Structures are given as C-alpha cells and as structure tokens.
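This briefing concerns a predicted model.

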Amino acid sequence: MRALRAVARRIGAGLLVLWVAATAAYLALLAAPGDTVDNIIGDGADTPDIRAEIIAQWGLDRPAVVQYVDYLVRLVNGDLGRSYLLQRPVSDVIGEQLLPTLALAVAAAGLGVLLALVIAVATAGNRRPWLRRLSSGTELLLVSTPSFLIGLLLLSVLSFRFRFFPVSGDQGAGALVLPAVTLALPIAGLLAQVLRDGLDRAIDQPFVLTARSRGVRERGVLLRHALRHALLPAVSLAGWVFGIVIGGTVIVEQVFGRPGLGQVILSAVANQDMPVVLAVVTLSAAGYVVVNTAADLAYLLVDPRLRRS
Amino acid sequence: MAPLVTVEDLHVDFDTPTGRVAAVRGISFTVDRGECVAVVGESGSGKSVTARTLVGLAGPGARIRAARLDLAGEDVRTHRARDWRRVRGRLAGLVLQDALVSLDPLRTVGAEVGEVLTTHGIVGRRERAGRVAHLLDLVHLPEPERRARQYPHQLSGGLRQRALIASAIAGEPALLIADEPTTALDVTVQAQILRLLAERRAAGVSLLLISHDLAVVAQVADRVLVMRDGRVVENGPTDRLLRAPEHPYTRQLLAAVPSASSRGRRLAATPPVAGARVALPARVEVRPADRVLDARGLTKRYGEHTVVRDVTFSVGRGETLGLVGESGSGKSTVARIVAGLLDPEAGTVSFEGTPWSAVRERTRRPMRRRLQLISQDPLSSFDPRYTVGQVIGENLDPDVDRRDRRPHVVDLLRRVGLGPDLLDRHPRQLSGGQRQRVAIARAIAPRPSLIICDEPVSALDVSVQAQVLDLLAELRAADGTALLFISHDLGVVHHLSDRVLVMHDGTVVEQGPVGDVFTHPRHDYTRSLLDALPTLVAAGRPQEERP
C-alpha cells in the first residue's frame with residue numbers, strides 16, 4: 001500500500017513537471033517577437049484573404065486561454081499538432097528524425113559511462129600516481145572544452161588527415177563514431193571524477209579492510225565492493241547526462257552534418273514554428289522525468305538500505 | 001613446536017607529509033598454537049598497527065622493519081602482494097570493530113562470508129551456500145539460511161559481529177586477529193561474543209585480541225601485552241599481570257577502571273601500589289527530598305513502537321542519578337524528554353518546581369541555563385567555526401560584562417584542568433579528552449543545578465575516562481550540582497552514582513541506591529547485566545569487589 005502510494009506520488013510529480021514545462025514553453029513562445037501568421041506564411045503569397053483563411057484554419061482568432069487549453073487537451077491525447085513551417089503533423093517530423101538522434105544519444109551516453117568506469121577503476125587509490133595525475137588533468141580539460149571544439153579537432157585529425165572516419169552524414173556505424181566520441185568525452189570527464197572520488201572514499205572504509213583481509217585482489221576490492229558505493233553519487237548525475245546529451249546532439253549534429261532532431265529544433269526555433277518547439281520541449285521534459293525516475297529506482301537497486309520492507 | 005607467530009624487534013613507521021612517524025618501536029612477542037594473546041593499550045599505542053602488520057595491511061606509507069616476522073613458519077618480511085593474499089583469510093583472519101561498517105553494507109551477509117570461500121577456491125559454486133550456512137551456524141547465528149540473504153543493516157549489532165567472525169574463520173585460518181571486537185556492543189552481547197571467541201580458541205584457533213579494555217581481555221587471554229607509545233611496557237600471564245602489575249603504566253591502567261571499590265576515590269592518580277587509591281574531595285550534603293527534577297509517568301511512542309513506557313523518577317539537589325540500559329532501552333529518549341527537547345505523549349516533567357514538559361519553549365527558555373547537557377560526542381555539539389573561548393563564552397551569564405568575559409572563560413578552563421592557551425584554538429584541534437573538558441566547562445559556565453551527562457566518557461580511552469570522571473566528581477563536590485548520568489557502563493555508574501535506574505525495553509525495571517541494586521539485584525534483567533559484565537575479579541583480583 002505504502003509502495004503504491006509512493007509510486008503514485010512519483011507519477012503525479014512527473015506529470016506536474018511535464019505540465020509546467022509545456023506551459024512555460026507556451027508562454028515563452030507567446031512572448032517572443034513576431035507574428036504567428038507571418039511565420040506560417042513564410043515566403044508564400046501574402047494577401048488579406050490568405051491571412052483570414054490561415055487565422056480561421058489554425059483558430060488563431062480565439063482567446064489565448066482557449067488556445068492554451070486546446071493545446072493542452074490535444075497534448076494529453078498525444079496529438080502534437082501540425083508544423084506551421086512544413087505543414088505536416090509534428091509527430092511525423094519528429095518521428096523521422098528521432099532515430100539517428102537516439103542512436104547518437106545512446107551511443108554517446110553508453111560510451112561516456114563506460115569510459116568513466118574504466119578510467120575511474122584504473123586510477124582510483126594511489127597505485128599509479130602519475131596515471132592519476134594525467135587522467136585528472138585530462139578530465140578537467142575535457143569537461144571545460146566546448147563539445148564543438150572537440151568535434152572539430154577530431155574531424156580535422158581523424159577524418160581529414162587520416163581518413164579513418166567519414167567526414168559527415170549518416171552512413172553506417174562508422175559515421176556514428178566521431179560524433180559519439182565528441183559527446184561522450186565531456187561526460188566521461190566529469191563522471192570519471194565523481195566515480196574516482198567515490199571509489200577513493202569507499203576504499204578508506206573498514207569494510208574494504210575486511211575484504212582485503214580475506215585475501216581479495218585489489219581489482220576484486222574495487223569492482224565488488226568500492227564500485228557500488230561510488231555508483232551512488234554517479235547515479236544522481238543521470239539527469240545531468242541526459243541534459244548534456246540532448247543539448248549536445250543539437251551542436252554535434254551541426255558539426256558533423258548528421259540528420260536528426262538538432263536540425264529540426266534549430267529551424268523550428270529560428271522560424272518560430274510553435275508546434276514543433278512545444279513538442280520538443282515537452283518531449284525533453286518527459287525524457288527528464290523518465291530518466292530521473294529510473295535513477296531513483298536504480299538507487300533502490302544499488303543500495304539495499306533504501307529499500308523498506 | 002615453533003610458535004605460530006614470532007615477532008622480534010618490529011618497527012613500523014609511517015611516512016606522512018609532515019615527516020616520518022613511528023607507530024611501533026621495536027616490539028617482540030610470540031603467539032603459540034591454540035594460545036590467546038591480548039594486546040592492550042590506548043589509542044595511539046600502536047596496537048592496531050601491530051595487528052594489521054601481521055596480515056600485511058598496516059596501510060599505505062607504512063615502513064616495516066623486523067629482526068623476525070614469522071607466520072606459521074613462513075618469513076613474511078619479504079612477502080609481496082600475491083604472497084600476502086595467500087596469507088589473508090587462509091592463515092590469518094581479521095575481525096574489526098563494529099560490523100556495521102566492517103561488513104559491506106551493500107552486499108548480503110552470505111556474499112560477504114562466501115567471498116573468502118570463492119577467493120581461496122575452498123568450495124565450488126554449488127556447495128557455497130551450504131558452507132556459508134554452516135559457518136553462520138558455527139557462530140550461532142539463528143536461521144542461517146535466511147540471515148545469509150539479509151544485509152548487515154537488517155541484523156542487530158551482536159548478530160552482525162557474529163557474521164563478521166564467520167567471514168574471518170571461513171578459510172579456517174590458524175590465527176584469528178580480533179581488533180576491538182566488542183567495543184561498540186552492549187555488555188550482554190559483548191559477553192556472547194567473548195564466549196564465541198573462546199569457543200573458536202577451544203577449537204584450536206590461536207587468538208590475537210586487541211583491546212583498550214583490560215576487563216574484556218581478562219576473560220579470554222592467556223597472556224597480556226601492555227603497549228604504550230609503540231612499545232611493550234609489560235608482558236606476562238593474565239593472572240599475574242592483573243594481580244601484581246609491575247610497570248607503573250599497567251598499575252595506572254588498572255586503577256583507572258571504575259568500579260564499586262573506586263567509589264569516592266580518584267581514578268586517574270597513579271597508586272603507589274596496586275589497589276590503593278587517593279580519596280576525592282568530600283561532597284556537600286545530598287538532599288534527595290529537595291527535588292531538582294521530577295519526572296512522572298513519561299511515555300513516548302514512535303508510530304506503533306513505544307520506546308518509553310511510564311517512567312517515573314526524581315533527582316534530588318546535589319544528587320547523582322545513574323541511568324543504565326542497553327541500546328534501544330529508551331535511556332537517551334528519557335534524556336531528551338528531560339532536557340525539554342522532546343515532548344512526551346503522556347507524563348510530566350517538572351524542573352526546579354516549575355512545569356518543564358508541555359510548556360512553550362518561551363516559558364522554558366529563561367530556565368534553560370539551569371539545566372545543561374554533556375553528550376558523548378562533544379565535537380558535534382560545538383559550532384565548528386567557534387573557538388574554544390567562544391564555545392564556552394556563549395554559555396556565560398548574559399549579565400557578565402564584555403570585558404570580564406575572557407577572564408571568566410580562562411577561570412572555567414582552569415577549573416576543568418585546561419590552560420588559557422587553548423582559548424583561540426578550534427575544538428577539532430583538541431584531543432578527545434580535551435574536547436570533553438571544554439564541553440564540561442561550557443556546561444558549568446551558567447552554574448546549573450542539573451547536568452544531564454549522556455554517555456560522556458564512552459568514547460574515551462580508559463585513562464582519559466578516569467581523568468574526566470575525576471573532574472566530574474570534583475566539580476560536583478565543589479558546586480553541589482546534580483547529575484543525571486546516563487551510561488551503558490555499569491562500572492562507571494557504580495563508581496559515580498548515588499542512586500541508579502535500570503531501564504529495559506522502555507521501562508524502569510529497577511531503581512534504588514546504587515549499592516543495593518548492584519549487589520542485590522531484584523530484577524532478572526539487572527542480574528543478567530551484572531552477570532555479563534566482564535570484571536577483573538574473574539581473573540583473580542580479590543581486593544576488587546564486583547561493581
């Protein structure tokens with residue numbers, strides 16, 4: 001019963017976040033300069049008749065509150081509306097471009113986490129001080145370098161100079177490597193620092209001394225004991241990783257000329273294509289809610305002390 | 001047959017940023033097969049480092065030199081990481097203090113115990129669960145199969161410590177090293193763990209027992225080594241060492257143990273001969289009828305759990321009331337209610353004749369200065385950014401003139417035996433004993449009529465504990481302050497209290513003059529507490545009565 005109530009509260013909070021995000025995006029676009037009718041017409045013919053027709057077709061003459069409520073009702077029913085610019089359902093526009101972006105995001109996040117784990121485990125403790133200094137310096141550099149710069153560097157060396165990877169486009173897995181690495185490096189940099197810090201703190205604990213007194217190898221001590229403790233603070237960064245990945249794909253897709261949501265988002269914002277922007281914001285918020293809920297569940301998985309019988 | 005452990009002229013130094021620190025300075029000892037040797041000393045004596053050196057875990061930056069360091073016939077001085085891994089768990093098992101942090105909190109008890117079996121390839125995967133259950137059964141953990149699937153936090157302190165011992169003996173090592181294995185435990189649980197260790201020894205395992213508590217090691221050890229500043233000051237059979245200690249430090253340690261026979265006498269002064277003690281100053285008359293504190297029918301619930309049930313007692317002017325009980329007995333909850341920090345569900349507290357419970361904090365505030373608190377961990381009760389002078393000065397009478405405050409604080413420091421040089425230091429730069437003295441200085445600053453002392457000496461070494469208890473006794477004699485003295489240590493309570501209150505499961509099971517209750521206990525629980533108490537009598541000190 002208590003567990004059910006906790007889950008219900010969690011879902012309720014998630015819905016609240018979604019509503020706030022959708023509303024904030026709506027208000028922001030409403031306040032933005034420019035006229036909706038102008039945006040819909042774009043470069044097309046502009047006559048009072050056409051204007052009247054557009055206003056009637058999109059229901060733009062209704063009061064703002066009615067439009068807002070209408071938007072919410074449609075959103076609840078899964079209808080993301082029609083793009084002003086492309087004259088197609090938003091769900092189609094996003095659906096087409098979602099896959100390459102998702103592939104990039106998952107590859108980048110996965111690679112980042114994996115790199116961070118390897119680096120942290122290899123450099124935790126004080127076994128190889130030189131390696132530790134080298135890696136924490138590199139991490140700092142990666143965290144503080146903008147991702148487009150990392151991308152351009154990788155491109156100029158690995159694609160233009162040595163031609164290991166394609167320069168742009170989305171042909172096969174090879175084209176995914178550089179964009180994914182570009183996005184993964186800053187993630188790995190920060191996560192590695194957090195993980196190593198957690199590992200260092202864990203190996204000072206008495207239970208690690210106990211484990212060593214059993215004759216366990218140093219690798220076993222780190223992987224079986226210390227790592228789970230180090231994961232706890234890292235799990236809470238899941239939301240941050242999601243944000244970096246979403247924000248990063250927009251830039252990285254531009255740098256590498258990849259198809260994906262980045263292109264859609266940029267043109268939608270530039271042209272005030274309201275339905276598309278609103279959809280992207282709402283979907284991102286939904287992603288955040290899902291990721292954070294998953295992180296909360298992961299806590300329970302890692303730390304049995306948080307589970308209540 | 002050669003001894004199991006031979007240590008000759010062992011030195012352990014640590015390289016620190018401020019230079020080399022010598023932790024162990026040339027000690028020698030042996031442990032025979034099936035023998036129990038205890039190393040006794042206070043914090044910083046080098047006893048734990050000695051124990052850990054035997055399994056190659058002295059720590060990073062440790063430099064070890066020895067003329068001989070033999071473990072089961074092997075010279076371990078030249079051991080490398082791989083050789084040590086073979087030794088650990090298989091030749092020597094290590095049991096640390098407080099299994100809540102010494103067992104991995106994120107892994108099940110079974111996984112922790114089974115780790116030794118897997119690491120040394122002792123049993124196959126399929127037999128593992130069965131062997132773990134067998135080991136848990138060996139240490140008398142009830143329902144071993146179910147316990148193996150539980151996590152350390154789901155077990156009580158005593159059961160956790162048993163599980164930790166099971167993990168240390170899983171590889172059937174010939175040597176079991178136990179570093180303060182009972183320190184955080186209640187006395188009845190402590191007695192069970194000591195019995196368990198004795199049982200392992202009867203099964204042929206050699207024991208190296210590290211402890212700060214002479215009474216604890218007296219129960220099981222054949223021989224005792226007394227360590228101080230990295231050296232062994234005395235080494236001999238337990239009986240002889242306790243009955244006729246030769247070194248002044250051993251005598252000082254023995255004299256520092258509070259008990260029935262130490263009542264009214266100083267603990268910290270080194271006696272010229274064993275057993276003799278120096279008297280404390282005479283106290284002002286205790287007037288039990290003049291009640292400083294009156295608590296009636298106190299009851300406190302958390303959810304459905306009643307932690308304090310119908311507790312009634314009073315503290316007279318200048319009187320010291322001891323409150324004993326094990327963890328979970330509700331004694332700290334009573335302290336918080338009496339301190340006015342927690343409201344009882346039922347019952348009333350009156351302090352200095354005025355209602356103290358169920359009144360608004362505004363009503364209580366002017367009286368707060370008359371009731372002070374000393375806790376087990378003074379450091380966390382100090383503002384970390386305050387200096388010692390500010391910590392104490394904060395509690396001075398607000399009427400004290402600004403210019404007079406500093407001399408007042410210096411005077412209070414002098415009363416608790418500290419110099420004015422500490423005024424501008426921060427509490428974290430002080431030793432445990434100095435911190436507790438600062439806490440006492442702060443408590444006596446407003447000249448309270450009652451001080452609640454919640455386990456004030458539990459975290460201190462025995463010689464420091466002796467000094468703090470002497471100090472409390474002196475201040476009580478000089479100021480006529482009443483004390484509500486809460487402790488799990490019956491010896492401490494017997495030494496200091498006039499009357500005693502025994503709590504168990506939230507209720508008062510017995511109360512009365514301390515001599516009556518402790519010599520003629522009427523309640524079974526009090527009796528079991530006294531029976532479980534490790535005393536120096538057991539090892540043959542006829543001149544000491546049981547506390």
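With which residue does Arg499(B) form a salt bridge? The partner is Glu319(B), and the closest N and O atoms of the two are 2.6 Å apart. This pair joins distant parts of the chain, 180 residues apart: Arg499(B) belongs to strand E20 (residues 499-504) of chain B, and Glu319(B) to the loop between strand E13 (305-317) and strand E14 (320-324) of chain B. Glu319(B) counts as buried because its relative accessibility is 2%, under the 20% limit.

**Interface of chain A and chain B**

- Contact between the chains involves 20 residues of chain A and 24 residues of chain B.
- Together the two chains bury about 2,100 Å², of which 58% is on carbon and sulfur atoms.
- On the side of chain A, Leu209(A), Ser213(A) and Arg214(A) lose the most area to chain B, together accounting for 31% of what that side buries.
- There are 13 residue pairs in polar contact between the two chains, counting pairs with both residues at pLDDT 80 or more.
- Helix H9 (206-213) and helix H10 (218-235) of chain A are the elements that give two or more residues to the side touching chain B.
- H9(A) gives the most to that side, with seven residues.
- By type, the chain A residues that touch chain B comprise seven nonpolar, five polar and eight charged.

**Salt bridges across the interface**

- Three salt bridges are found between chain A and chain B.
- In one salt bridge, the side chain of Arg214(A) meets that of Glu115(B) at 2.7 Å, N to O.
- A network of salt bridges links Arg214(A), Arg224(A), Arg107(B), Glu112(B) and Glu115(B).

**Further salt bridges in chain B**

- Over all chains, the whole structure holds 46 salt bridges.
- Arg68(B) pairs with Glu8(B), their closest N and O atoms being 3.7 Å apart.
- That pair links strand E5 (residues 68-71) with strand E1 (residues 5-16) of chain B, its two residues lying 60 residues apart.
- Both residues are partly exposed, Arg68(B) at 35% relative accessibility and Glu8(B) at 33%.
- Arg370(B) forms a salt bridge with Glu352(B), with 3.1 Å between the closest N and O atoms.
- Arg370(B) lies in the loop between helix H13 (361-368) and strand E17 (371-374), and Glu352(B) in the loop between E15 and strand E16 (354-355), so this pair ties together parts of chain B that are 18 residues apart in sequence.
- Arg370(B) is partly exposed at 31% relative accessible area, as is Glu352(B) at 23%.

Technical notes:
Residues numbered from 1 in each chain as written. Chains lettered and ligands numbered in written order. Predicted model: local features only at pLDDT ≥ 70, side-chain atom pairs only at ≥ 80, totals over all residues. Heavy atoms only, no water. Contact = heavy atoms within 4.5 Å. Buried area = accessible area lost by both parts, 1.4 Å probe. Salt bridge = Lys/Arg side-chain N within 4 Å of Asp/Glu carboxyl O. Polar contact = N/O pair within 3.5 Å; in protein donor to acceptor, adjacent residues only side chain to side chain. Helix = DSSP H or I, 4+ residues; strand = E, 2+ residues; numbered from the N terminus. Nonpolar A, V, L, I, M, F, W, Y, C, P; charged D, E, K, R; others polar. Buried < 20%, exposed > 50% of the residue type's maximum accessible area, 1.4 Å probe, protein only.
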